[in-house]
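Biologist: Hi! I have the sequence and the model open side by side. Could you walk me through it?

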Amino acid sequence: MSFNGVTFTVFLILIMLVTGMGFIASRWRRANNLNHLDEWALGGRGFGGFVTWFLLGGDLYSAYTLIAVPAAIYSIGAFGFYAVPNAVVLYSLGFLFLPKLVRLAHEKGYVTLTDFVNDRFKSPTLGLAITVTGLLATLPYLALQLIGLEVIFASMGLNFGPQASWFLNHLPLFVAFGVLAAYTYSSGIRAPALIAFLKDGLTYVVVIVAIIVIPIKLGGFDNIFADAGQAIAARNNSTDPQAAAISVNASVYMTLALGSGMAFFLYPHAITGVFAARGARTVRRNMSVLPMYTVLLGLVALLGMMALAAGITPLNGNPQFAVPQLLIEMFPSWFVGVAFAAIAMSALVPAAIMAIGAGNLVSRNIIRQYSQSAVSTYRETQISKIVSVLIKVGALVFVLTLDSQFALNFQLLGGIWILQTIPTVLLGLFTVRFADKRALLAGWAVGIAYGTIAAYNVSSPTADHFGGSTAVPFFLSSPMYIAISALILNLVVTIVWSMSATILKRDQRQSGTTTSPPSTECSDEDATLTAPA
């Protein structure tokens, strides 16, 4: 695409403003000691309802959401709207378990979800499984934010062509990476929390203006849906297998929406944002009002329909360029600069929180937990800061060395993996009486193994393996989201094993054949929980 000086100037001014906000954030809200993990990673656990609303909104709705959701609509039609009911599931489940989890986090000093699991089940192996799952699921998620930045840079014409060096063509991404790493290291979670105000505000303005102006230019929503329908029908009739839209039934739509919603608050970055809230009441209120973002998400999805109706042909056939090219065609250059800056901020905010969440897992649940000597609070925080930079380096390498389609498929695999931790979290929160820690570990292993194998066996016109995230499970006749079928197996193994262990222990007690000491597992009462090491 051609370079536009006005678009780039507006974009650069806003990004420079964001960079300044990121560094100033270290002095925001009276940070007592940024060398303490509670302050650097969780903002002192003092974010009220207003700040938490923007922080979680900035965390949930990323650059890839703004690009990928309409791209899905552009590619496969109305099926892409699964992201809207997905959000409904997300907040309903969050309202159910997050307030109690946050209350425990404040009382016991939890920084990560693994802290809770370790405290609840007293099983280092189960805790390590949760830690590794979180880390593996975070890396491709973070990489997708960088891919979103690359789409914006390419849309602005910040590409020097095939004659330029590899380094020069990726220079904008390196600069963005350096800025992100610097202010995250300096200010911790306060940086994305402060930037989220500007990011969310600009995003709302851009989407609302687009929803008003573009339909006027395209003759109204009636014409948009009619023209988009014709474009999808023409694609379905195409002889090119890569051009044809996929055929999706109701079971796929429902399970993908359900599974995606159930998985989100299990990600380390989502838990990090939630644990930064002032308390359970703050989280409960946010779960009640955050569905307002779902309205925004539905409007964003409509941009995919508008791109179809406008006859947009994405760069290199990549549907991720559909929305940027639509904005370029429909709006003056200065507004395109504002829109691209909003999308870039939507990458920087969640990317910072993802890096912090991964850093917390490594410093708290690997280095501190398995270190031979005591780890001071200062050292723990420094390790988390360093890892937050290294995880960004890993995501950058991921983006630069692998095809973006591979990154997307790996992120889908991450969603399958992370959902397998939900039995441990929910059973740990509400009851451990029927949850044996060995059963939970076995269920997790079965779910991970089945989900990975099933995803590997899926192929598409562009990939021999890992071509998608839906398949027909061996125990059903209808296709569904692999994460849900893996979760069903996970729960079956966990429940059967736990019931068998309970019955065996009861029979042994009744027969008097065991003299086992009293169980050290926690009861259902929160008061029996102990603080993590």
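This is a predicted model: local features need pLDDT of at least 70, side-chain atom pairs count only at pLDDT 80 or more; totals for chains, interfaces and linings use all residues.

Biologist: Good to know. How many helices and strands are there in the protein?

Modeller: The secondary structure comes to 22 helices and two strands.

Biologist: And what share of the residues is buried?

Modeller: Of the 533 residues in the protein, 57% are buried. The accessible surface comes to about 21,300 Å², and carbon and sulfur atoms account for 65% of that surface.

Biologist: Let's talk helices. At what angle do H9 and H17 cross?

Modeller: Helix H9 covers residues 171–187 and helix H17 covers residues 333–370, and their axes cross at roughly 55 degrees. The axes come within 10 Å. An angle between 35 and 65 degrees is classed as oblique, so H9 and H17 are oblique to each other.

Biologist: Is that crossing left-handed or right-handed?

Modeller: The crossing of H9 and H17 is right-handed.

Biologist: Which residues make the contact?

Modeller: From H9 you have Leu 180, Tyr 183 and Thr 184. H17 brings Leu 348, Ala 351, Ala 352 and Ile 356. By class, the contact residues are six nonpolar and one polar, with no charged ones.

Biologist: Switching to H13. How many of its residues are buried?

Modeller: Eight of its eight residues are buried, so helix H13, residues 268–275, is mostly covered. The buried residues include Pro 268, His 269 and Phe 275.

Biologist: Which helices do they pack against?

Modeller: The buried residues of H13 pack against H3, H5, H6, H7, H14 and H17.

Biologist: New topic: backbone angles. What is phi for Arg 45?

Modeller: Phi of Arg 45 is near 55 degrees, a positive value in a residue other than glycine. Arg 45 sits in the loop between helix H2 and H3.

Biologist: Buried or exposed, that Arg 45?

Modeller: Arg 45 is buried, because its relative accessible area is 8% and the cut-off for buried is under 20%.

Biologist: Which loop holds Lys 122?

Modeller: Lys 122 is in the loop between H6 and H7. Its phi is also a positive value, near 55 degrees. Lys 122 has a relative accessible area of 33%, so it counts as partly exposed.

Biologist: I also clicked on Thr 381. Where does it lie?

Modeller: Thr 381 lies in helix H18, residues 377–401. With 0% relative accessibility, Thr 381 counts as buried.

Biologist: What does Thr 381 touch?

Modeller: Leaving out residues up to four places away in sequence, Thr 381 touches Leu 34, Asn 35, His 36, Leu 37 and Trp 40.

Biologist: Last one, Pro 319. Where is its place?

Modeller: Pro 319 is in the loop between helix H15 and helix H16. Pro 319 is partly exposed, at a relative accessible area of 24%.

Biologist: How many residues lie along the chain between Pro 319 and Pro 70?

Modeller: The two are 249 residues apart along the chain, and their C-alpha atoms are separated by 8.6 Å. Again leaving out residues up to four places away, Pro 319 touches Ala 71, Tyr 74, Ser 75 and Pro 314.

Biologist: Great, thanks!

Note on methods
Residues are numbered from 1 along each chain as its sequence is written. Side-chain values use heavy atoms; hydrogens and water are left out. Axes are lines fitted to C-alpha atoms, for helices over the stretch in contact, and angles run from 0 to 180 degrees between N-to-C directions. Helices (H or I, at least four residues) and strands (E, at least two) are DSSP runs, numbered from the N terminus. Angles under 35 degrees count as roughly parallel, over 145 as roughly antiparallel, 65 to 115 as roughly perpendicular and the rest as oblique. A crossing is left-handed if the near helix is turned anticlockwise from the far one by less than a right angle, and right-handed if clockwise. Contact means heavy atoms within 4.5 Å. Ala, Val, Leu, Ile, Met, Phe, Trp, Tyr, Cys and Pro count as nonpolar, Asp, Glu, Lys and Arg as charged, and the others, Gly among them, as polar. Buried means under 20% relative accessible area, exposed over 50%, partly exposed in between (1.4 Å probe, protein chains only). Accessible areas come from the Shrake-Rupley method with a 1.4 Å probe; for residues, only the protein chains shown count as cover.
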